[in-house]
Amino acid sequence: MQSEDRLIHFSSELIHAPRQHARPALQKLYYELSQTRHGTYDNTDFSQPTHARFHTRRGAKAQSAALFLPDRCVLIEEWVEIALSDFSERVFTVAQRVLDDLAVPAFVAQTATLRSTFALTHYADAREFLMERVCRQGGQIGPHFKRPIATGGLRFALPEGPGHSGNLNVLIESFRNDAREVFVEVKGVFPNRNVTGENLETLREPISVCREFITNCVFPFLNQYDTPAEDPV
């Protein structure tokens, strides 16, 4: 399997105690972010009563967005064209301004979600690879489901524990947009945090945990199966 995956999505939720964000404060936040390197967005949208949205669209699919809800700030990079390190900087920059401009005292929890794809070496169809090679279900599904399978895969829930930060939800499935690639999503939920201006750097940790899990755990797990079909695992 190709060792370099293709990251296609980053997102992080910064959760805080509920509070109403006044529009002037959000407008000030937008201006302050426009003066930074990593926190700028091209447009604003205040049309929804439930949230404000800052956003930038690049090309046909790539976009950046920041949503400001009463209890959280959500940062999203879709079909990414930036490095993960730049997204980490964006999270840090926006969080810093949210604490200051929206008078949020602390972030009490955080999530981080990364999505990527891996190109297979010995298989042209990721569904066949996952269902037949990894799960050993060749010929066992069709007679019961009686319809074609668009995508299929595995899902894991890995709890937080000693030496393991965050509750990880892992999805591994065939990639709907390209049958030759395996799609991987890792969402980390990091509860019971107290992130203020004094320890803001800790917001980078959940992003790193999810990235390291894909690189150090998911890749070797899948790679052990991506061998010529006649080879034993």
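**View 1. Aromatic pairs across the predicted model.** Two rings of Phe, Tyr or Trp (its six-membered ring) pair if their centres lie within 6.5 Å. With that in hand, welcome to this predicted model, where a search of the whole structure turns up 9 aromatic pairs.

**View 2. Phenylalanine 156 meets phenylalanine 221 edge-to-face.** The centres of these two rings are 6.4 Å apart and their planes stand at 85°, so the pair of phenylalanine 156 and phenylalanine 221 is edge-to-face. Distant parts of the chain are linked here: phenylalanine 156 belongs to strand β7 (residues 153–158) and phenylalanine 221 to helix α5 (residues 205–223), 65 residues apart. Phenylalanine 156 is partly exposed, at 34% relative accessibility. Phenylalanine 221 is partly exposed too, with a relative accessible area of 26%.

**View 3. Phenylalanine 221 also pairs with tyrosine 225.** Look at the rings of phenylalanine 221 and tyrosine 225: their centres are 5.7 Å apart and their planes lie at 75°, so this pair is edge-to-face. Tyrosine 225 has a relative accessible area of 14%; because buried means under 20%, this residue counts as buried.

**View 4. Four aromatic residues gather in one cluster.** Here you can pick out Tyr30, Tyr41, Phe54 and Phe68, which together form one aromatic cluster.

**View 5. Lysine 61 sits over tryptophan 79.** The charged end of lysine 61 is placed over the ring of tryptophan 79, at 3.7 Å from the ring's centre.

**View 6. Arginine 204 lies over phenylalanine 92.** Find the face of the phenylalanine 92 ring, and you will see arginine 204 over it, 4.7 Å from the ring centre.

Key. Residues are numbered from 1 along each chain as its sequence is written. This is a predicted model: local features need pLDDT of at least 70, side-chain atom pairs count only at pLDDT 80 or more; totals for chains, interfaces and linings use all residues. Side-chain values use heavy atoms; hydrogens and water are left out. Rings of Phe, Tyr and Trp (its six-membered ring) pair if their centres lie within 6.5 Å; planes under 30 degrees apart count as stacked, over 60 as edge-to-face and the rest as tilted. Helices (H or I, at least four residues) and strands (E, at least two) are DSSP runs, numbered from the N terminus. Buried means under 20% relative accessible area, exposed over 50%, partly exposed in between (1.4 Å probe, protein chains only). A charge sits over a ring if NZ of Lys or CZ of Arg is within 6 Å of the ring centre and within 35 degrees of the ring normal.
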